[in-house]
Amino acid sequence: MALTVAALGVLGGCETRPPVELRTEACSGTPALEGVSYLRWRVTGEGMQPREHFTTVEVGAAGVPAIPSGKGRVVEVRGYTAMPRQGGRVVAVGRSHPFEVPGGGEAPAVAIALRRVGEFVRPRLAQGCAGLGEARAGHTATLLEDGRVLLAGGVRLGADGRPATVSAVEVFEPATGALERVPSLDSARAFHTATRLPGGKVLLVGGEETPEGTRLAGARVLDVKAGTSTPVEGLRARGHHAAAADASGRVLVVGGVGVNGEVVSEAEGYDAATGRSFQVGTPVRRVGMGVSAVGDGRRIAVVGGSDGTALVPEVLFFSYQGDTFVAEDTGERLREPRRDAALVPFGGPGRLLYVGGQSSPGAAMTDTLLASSQIVSPDAASRQGQGPQIFARSEPCAVALQDGRVLTLGGWGNADVGELVSNAHGELFVPGAQGGAAGLLGLPDLERSRHQHTCTALEDGSVLIAGGLEEDGVQRTTLDDLLLYMPVPLD
């Protein structure tokens, strides 16, 4: 079902009502409008006071308030079972990509996908209920500046059970469900990194070209809008590494596995402004570590991991000084050293949550999976030691939501028979008020468990889960599905 209202034209005072397409269809789960009686429309943007308007569900998209000219306009819609003052609950949420309303002109057409809250839903794609064009695990998913998601590379199992790396690249448009195949990578690769640069480009670094572990040197800058792929030389070969960009678009690349299977010590960088790669003086001999920008993005944290023989408890914070990244040791240490955990911003500026993982310096085992988390920060006053407990698992995905919460999902877990299997559990971490203890909410289990999948926080507040490997101790299957989860709003 799609509700559409035609443009009403320019109103007095340089205001207009844009043509809105409200998409409510999905391929699974509760229909978005089931039980909905009222819609709340809310418009926000630069230099304007928020505008709200309730309509009955029958009015649909015709209830969009008039929008003044300006930049960064966003239309949000929520579906309620009744009016809030009468105890109505929010059961569906949608939000547009930011757009500009020109002075004296008409607003562009706006597409909004209304998503049911609290459920994993398969979105209806433009081509129907099919999934990805190619099943994949160990791939990357990158949110672009225009709100689309770039899915690149990975590995898949053939009909004979043998793995093969993937060169296919797909772009998913959350609002319309369009899934577009774009030009493939120069080389098939998996377990690489993909980092968004200023201007919407994406830096792909390294990865494994073959299942046997042939690692790729160098990098490529992908410009999806222009359809170009530009090589970057000077970066060493590595896979299973980590990378993050600072606020100025300089990317720090650390750790991973090298050509001969060794843990890589050399750290490197890339400057988006100049297009140059450069060496970093501080060695970071780690694999299975977490890397993330901190606070305002001037520092990048490197947390945990293994040097190949022992777990590393030290936490390093890198900042760009002169012409390279320089490490700062603030004395922060992990209380429980670990590798293959997820690192994500959480609960305030300058704080990171390091969640899950396992306590073996090598491959995970059933008795090394961790059910704990830790708060990490360069500021000693912001640290609160242990974070909430989770289901014990390694290699979960974790994403920070716009409201400060963190969603974790999947990974390696334990089976009843004592084997490692892919996991279907998820949690939602809620920051404590005024620095208090964080809360933890369980999520519905996924229909299919998975690890080596991706989770991406979208502009509309939902999370996109793509692909992964399902392993139950008997069968291994590469997944080609896309799922969306919309958390219940806090307000």
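This briefing covers the overall fold, surface and disulfides of the structure. The model is predicted: local features need pLDDT of at least 70, side-chain atom pairs count only at pLDDT 80 or more, and totals for chains, interfaces and linings use all residues. Residues are numbered from 1 along each chain as its sequence is written, and side-chain values use heavy atoms, with hydrogens and water left out.

**Overall fold**
- The protein has 45 strands and 0 helices (DSSP runs, E of at least two residues for strands, H or I of at least four for helices, numbered from the N terminus).
- Its radius of gyration is 23 Å, which agrees with the value near 23 Å for a compact globule of 491 residues (C-alpha atoms; the rule is 2.2 Å times the number of residues to the power 0.38).

**Burial**
- Of the 491 residues, 55% are buried (buried is under 20% relative accessible area, exposed over 50%, partly exposed in between; 1.4 Å probe, protein chains only).

**Disulfides**
- The structure holds 2 disulfides (cysteine sulfur atoms within 2.5 Å).
- Cys27 and Cys129 are joined with an S to S distance of 2.0 Å. Cys27 sits in the loop between strands E4 and E5 and Cys129 in the loop between strands E13 and E14, so the pair ties together parts 102 residues apart in sequence.
- Cys27 is buried at 16% relative accessibility, whereas Cys129 is partly exposed at 38%.
- Cys397 and Cys455 are joined with an S to S distance of 1.9 Å. Cys397 lies in strand E35 and Cys455 in strand E41, so this link ties together parts 58 residues apart in sequence.
- Cys397 is buried at 9% relative accessibility, and Cys455 is buried at 15%.
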